[in-house]
Amino acid sequence: MGLARLDGRTCLVTGATSGIGQETARGLAALGAHVVIVGRDRERAESARKAIIEETGNPRVDVLLADLSSLAGIRGLANEFLATYPALHVLVNNAGIVELKRTTTVDGFEKTFAVNHLGYFLLTNLLLPKLRASAPARIVNVASEAHRLGRIDLADLQSEKRYAAMRVYGTSKLLNILFTVALAERLAGSGVTANSLHPGAVATRLGKQNGGFAKLLIGLLRPFFLTAEQGAANSIFVAASDELADVSGKYFVKQRAVAASHRSQRPGLARRLWVRSAELVGLPE
């Protein structure tokens with residue numbers, strides 16, 4: 001794969017207490033990085049940290065706790081990271097959810113939209129000054145081929161008119177790619193790159209909070225899933241491949257840049273989405 005060593009580099013991985021996120025953190029630690037994993041539950045986060053250290057022999061693995069469905073939680077995470085770490089070389093926005101029924105966050109946002117898009121958007125923007133100062137640096141946004149199911153209505157980003165779980169999830173992943181397109185455009189020439197990717201169909205905890213039906217569906221499909229380690233390979237590739245030092249704004253599947261859906265390749269829409277997202281999270285455009 002041509003992965004670069006990451007000794008002396010600091011990486012932040014969200015949703016890193018299980019599944020693809022934990023395997024991504026493990027892979028980056030194995031390359032010598034100082035890895036900071038983000039999770040909600042302290043016990044699970046500490047368990048993941050210990051497992052990564054044992055498996056890689058790299059003791060430089062830290063834990064930060066945050067509720068990424070809350071704007072205050074995201075701001076607290078960013079503030080704690082900025083106060084603790086002198087540099088940030090790789091940000092992997094990996095945390096994600098899918099909800100069978102429409103629910104809202106403490107801030108009143110539809111939850112899938114809040115975690116999967118606004119979480120990426122706000123955390124990345126709050127950490128951008130550190131990323132710029134640490135350049136060369138990379139932003140890795142974990143999207144999905146499910147983005148091809150997505151449809152964007154800027155007047156109904158929170159699915160108040162109609163809620164269909166997979167369509168909403170697919171839309172959130174389409175938003176990830178559009179965000180990456182706009183981000184890459186804004187970061188051109190800064191030494192910071194931004195790319196998105198599809199990890200593959202992976203048997204993780206995603207969707208397990210939705211009860212018996214979701215668990216049954218995951219169980220039936222499990223033989224066709226990749227392992228978390230296989231799914232994380234693409235994230236690790238985009239984060240560390242020496243071939244991608246100057247590549248930005250691309251979408252990767254199986255460690256190759258491929259064409260995402262035509263809906264994701266609309267710079268004008270990406271810019272409008274940026275402005276609307278900034279309004280929702282209270283950031284200057």
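Ser159 is buried, at a relative accessible area of 10% (buried is under 20%, exposed over 50%, partly exposed in between, using a 1.4 Å probe and protein chains only). Ser159 sits in the loop between β5 and α5 (helices are DSSP runs of H or I with at least four residues, strands are E runs of at least two, and numbering goes from the N terminus). Its phi is positive, about 55°, even though Ser159 is not a glycine. This is a predicted model, so to speak of local features takes a pLDDT of at least 70 and side-chain atom pairs count only at pLDDT 80 or more, while totals for chains, interfaces and linings use all residues. Numbering runs from 1 along each chain as its sequence is written, and side-chain values use heavy atoms, leaving out hydrogens and water.

Lys254 has a positive phi as well, near 50°. Here the setting is the loop between β7 (251-253) and β8 (256-258), and Lys254 is exposed, with a relative accessible area of 73%. Most residues other than glycine have a negative phi, and most peptide bonds are trans. On the peptide side, Ala135 and Pro136 are joined by a cis bond with omega about 5°. Pro136 belongs to the loop between α4 and β5.

## The second largest pocket

Pro136 turns up again here. The second largest pocket has a volume of about 300 Å³, and Pro136, Ala137, Arg138, Gly191 and Ala245 are the closest to its centre among the 22 lining residues. Two or more lining residues come from each of β5 (137-142), α5 (165-187), β6 (192-198) and α7 (228-240). By type, the lining splits into twelve nonpolar, six polar and four charged residues (Ala, Val, Leu, Ile, Met, Phe, Trp, Tyr, Cys and Pro are nonpolar; Asp, Glu, Lys and Arg are charged; the others, Gly among them, are polar).

A word on terms: on a 1 Å grid over the protein atoms alone, a pocket is an open set of points where a 1.4 Å probe fits, with protein on both sides within 12 Å along at least five of seven lines, and lining residues have an atom within 4 Å of a point. Points are joined across faces, edges and corners, and the volume is the space filled by probe spheres set on them.

Ten of the twelve residues of α1 are buried, so the helix is largely enclosed by the rest of the structure. Those buried residues pack against β1 (10-13), β2 (34-39), α2 (42-56), β3 (61-65), β4 and α7. Just past the helix, Gly32 takes a positive phi of about 100°.

Ile20 and Gly21 are among the buried residues of α1, and Asn94 touches both, along with Thr14, Gly15, Tyr120 and Val142, leaving aside residues up to four places away in sequence (contact means heavy atoms within 4.5 Å). Asn94 lies in the loop between β4 (90-93) and α4 (111-133) and is buried at 12% relative accessible area. Its side chain reaches the backbone oxygen of Gly15 at 3.0 Å.

## Helix α8

The buried residues of α8 include Leu269, Leu273 and Trp274, and the buried set packs against α3 (71-84), α4 and α5. Val275, also in α8 (residues 267-281), is partly exposed at 30% relative accessible area.

Technical notes
A polar contact is a pair of N or O atoms within 3.5 Å; within protein, one must be able to donate a hydrogen and the other to accept it, and residues adjacent in sequence count only if both atoms are side-chain atoms.
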